[in-house]
Amino acid sequence: MKAMVYRGPYKIRIDEKDIPRIEHPNDAVIRVTQAAICGSDLHLYHGLMPDTRVGTTFGHEFIGVVHEVGPSVENLSVGDRVMVPFNIYCGSCYFCARGLFSNCHNVNPNATAVGGIYGYSHTCGGYDGGQAEFVRVPFADVGPTVIPDWLDDEDALLMTDALATGYFGAQLGDIREGDTVAVFGAGPVGLFAAKSAWFMGAGRVIVIDHLEYRLAKAREFAQAETINFAEHDDIVVTMKRTTDFLGADVVIDAVGAEADGNLTQHITAAKLKLQGGSPIALNWAIDSVRKGGTVSVMGAYGPIFSAVKFGDAMNKGLTLRMNQAPAKRQWPRLLEHIKNGHLKPNDIVTHRIPLEHIAEGYHMFSAKLDGCIKTIITT
Ligand code: NAD
Ligand code: ZN
């Protein structure tokens, strides 16, 4: 089969790999029909996540058709159209029992923090991902779900991560009626977080980025006020001014491991070290939230980012909440919002490209070229 393969920072290509086989009785093999490139894949592509091994296949956002099931799989049949949450989890360990699907202990027992994620380095279990024609899906009775007939493929695909994560980011903000919610980052996660904030009672939603075309999408898709941080000497002062000098009630970081917000330059670990590895967006979030407010971190940060303003966060009495999103937990509410017409997830999709051209897709997304927001890979 054809599969995207990582060759080192900024280097990916399509290779031939064997079609994955059933390795455990509870596995399924899915024939991928659509995958997407996530902002998290860019951290791997930029070489910012530890233990990202050459030869692995990325891709944790995918849907497809069940191709084969192991002998103990009960809930899926060959031919089912399924969406697969990006987390791999057993559904029954201490953490899964508490809804912490992204912290499952059985898929990655040696890790101190994270559970399993498809195609997301050996830190997250070393599973191959879905930017390929086929993918092995462990615990097939737990994560994968038959896509309702009325749900479009692209909307289902976005449920597997970006949409569920944006929604989760807003949930972790504990938004109260009338709250001012600021979202740093107008990528797919930020756009969905901004949209979700309204569902939870926000009174104002402000999205901050430096890419004008994405801010335009935030105004149109998420009805947000927008601020282009490149046009302000000090975005924190601007944020204070626009919130009666109190700060936002809730700030969501939907940026993560980007050093300088300038993706047209190659970001390297060495460069980040020179800059003190300062996670700019997270520090802006801590500075822009009001005292006693909540910062919800959806952005992913690698170990290179250590200079976080935890002293200031402590002194402000902040609630900092974060996790890899337990995507499936958000599905029932999201399906309701889509079904009743409050949400059309694939409004944020800008590009659809065949798997063969995935390297161009990564380059375009990394450098934010051609108005790229979300790229779907077709097989
Ligand atoms: P993306 O690259 O499309 O979006 C990031 C946006 O942030 C870009 O528009 C960029 O211009 C903007 N940006 C850069 N520096 C900024 C700054 N200092 N202030 C404000 N905006 C800034 O990525 P995405 O797909 O939207 O993902 C966003 C983040 O969420 C990534 O870090 C990704 O790893 C993470 N993520 C986390 C989870 C989770 O479960 N927690 C799931 C998916 C993605
Ligand atoms: Zn992702």
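Trainee: What should I know before I start?
Mentor: This is a predicted model, where local features need pLDDT of at least 70, side-chain atom pairs count only at pLDDT 80 or more, and totals for chains, interfaces and linings use all residues. Residues are numbered from 1 along each chain as its sequence is written, while chains are lettered from A and ligands numbered from 1 in the order in which they are written.

Trainee: How is the protein chain divided?
Mentor: Into domain 1 (2-161 + 326-378) and domain 2 (162-322). The bounds come from an automatic or database domain assignment.

Trainee: How many residues does the contact take from each?
Mentor: It takes 29 residues from domain 1 and 29 residues from domain 2. Contact here means C-beta atoms, placed from the backbone, within 7 Å.

Trainee: Which helices supply the domain 1 side?
Mentor: Helix H1 (39-45), helix H3 (153-159) and helix H11 (331-339) each give at least two residues to the side touching domain 2. Helices (H or I, at least four residues) and strands (E, at least two) are DSSP runs, numbered from the N terminus.

Trainee: And that side by class?
Mentor: It has 15 nonpolar, nine polar and five charged residues. Ala, Val, Leu, Ile, Met, Phe, Trp, Tyr, Cys and Pro count as nonpolar, Asp, Glu, Lys and Arg as charged, and the others, Gly among them, as polar.

Trainee: New topic. What is the strand order in the open sheet of six strands?
Mentor: S12-S11-S10-S13-S14-S15, with parallel pairing. Strands pair if DSSP finds at least two bridges between them.

Trainee: Which strands stand at the edges?
Mentor: Strand S12 (225-228) and strand S15 (319-322). Each has a single partner strand, so one side of each lacks a neighbour in the sheet.

Trainee: How many bridges join S11 and S12?
Mentor: Four, between S12 and strand S11 (residues 204-209). In S12, Glu225 is the bridge partner of Ile206.

Trainee: What does H5 lie across?
Mentor: Helix H5 (residues 188-199) lies across strand S10 (180-184), S11 and strand S13 (248-253), at about 170 degrees to S11. Axes are lines fitted to C-alpha atoms, for helices over the stretch in contact, and angles run from 0 to 180 degrees between N-to-C directions.

Trainee: At what angle do H5 and H6 pack?
Mentor: About 30 degrees for H5 and helix H6 (residues 212-222), with axes 10 Å apart. They are therefore roughly parallel, a label for angles under 35 degrees; over 145 is roughly antiparallel, 65 to 115 roughly perpendicular and the rest oblique.

Trainee: Which residues make that contact?
Mentor: Leu191, Ala194 and Lys195 of H5, with Lys217, Ala218, Phe221 and Ala222 of H6.

Trainee: And H4 with H5?
Mentor: Helix H4 (residues 162-172) packs on H5 at about 50 degrees, with axes 7 Å apart. That makes H4 oblique to H5.

Technical notes
Two residues are in contact if their C-beta atoms, placed from the backbone, lie within 7 Å.
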